[in-house]
Amino acid sequence: MSVKPVRPLLMSRRSIIAAAGLAAAAGWGKFSAAQIAESDLPDAAEVMTRMAPVIAPPMVFTSAKGKRLTLADYAGHPLLVNLWATWCGPCVAELPSFASLAPRLKASDALILPISIDLEGAAAVAPFYTSHGITDLPILLDPNGDNMNVLNTDGIPVTIVINAAGQMVARLDGAANWNTGAVVEFMHGLRGKPPAAKKIFVPA
């Protein structure tokens, strides 16, 4: 008997606009309540799109204290960069797998950068982390959602994988389980000297 593959769950731009407005009016809690079982999420290593190394997109975001950051601030580290929001059901389902993965990546010197597009910024993300027991992930913010345009995406969550030389080597649009042995192995392999990156056009 064949088993139907599980597709990553993605929240569309239309849903994002509606949910963002409602969340701003009523708070994040009601909009992150719809839970998706972890078993519904596919192994990220099996569904992400791998590619020849290309120059990473020019993402800009801030820390919880308002410091301006770019991917260059994390040079030398393999990165998992995730766009998400507290009111996005697929994002909420996926985020705990990033939190569980973070300690497993220390040997690879890899970092996870979850960038929230919540309009309320840290005021939404900090209590969300507390209520979900998340302690191993940083609070990073993009309240204007500018990085959706940078990544040319119409939905969240979206995750890109960057090697230690700052080159994008994989992407996944939709939610998945990142806390798997295959993901750990893949990230571990990004520490070595990579091939030259190809230049691609990234919408401003």
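User: Is Y74 buried or exposed in this structure?
Analyst: In this predicted model, the relative accessible area of Y74 comes to 16%. A residue counts as buried when that value is under 20%, and therefore Y74 is buried.

User: How many aromatic pairs does a search of the whole structure find, and which kind is the pair of F61 and Y74?
Analyst: The search, which covers the whole structure, finds four aromatic pairs. One of them joins F61 and Y74, whose ring centres are 6.4 Å apart with 20° between the planes. Planes under 30 degrees apart count as stacked, so the pair of F61 and Y74 is stacked.

User: Where in the chain do W84 and F128 lie, and how many residues apart are they?
Analyst: W84 and F128 form a tilted aromatic pair, 5.3 Å centre to centre and with 50° between the planes. This pair links distant parts of the chain, since W84 is in strand β5 and F128 in helix α4 (residues 122–131), 44 residues apart.

User: Which residues do ring pairs link into a cluster with W84?
Analyst: W84 is buried at a relative accessible area of 0%, and F128 also counts as buried, at 1%. Ring pairs link W84 into a cluster with F128 and Y129.

User: Which ring does the charged end of R50 sit over?
Analyst: The charged end of R50 is 4.4 Å from the centre of the ring in question. That ring belongs to F186.

Notes: Residues are numbered from 1 along each chain as its sequence is written. This is a predicted model: local features need pLDDT of at least 70, side-chain atom pairs count only at pLDDT 80 or more; totals for chains, interfaces and linings use all residues. Side-chain values use heavy atoms; hydrogens and water are left out. Rings of Phe, Tyr and Trp (its six-membered ring) pair if their centres lie within 6.5 Å; planes under 30 degrees apart count as stacked, over 60 as edge-to-face and the rest as tilted. Buried means under 20% relative accessible area, exposed over 50%, partly exposed in between (1.4 Å probe, protein chains only). Helices (H or I, at least four residues) and strands (E, at least two) are DSSP runs, numbered from the N terminus. A charge sits over a ring if NZ of Lys or CZ of Arg is within 6 Å of the ring centre and within 35 degrees of the ring normal.
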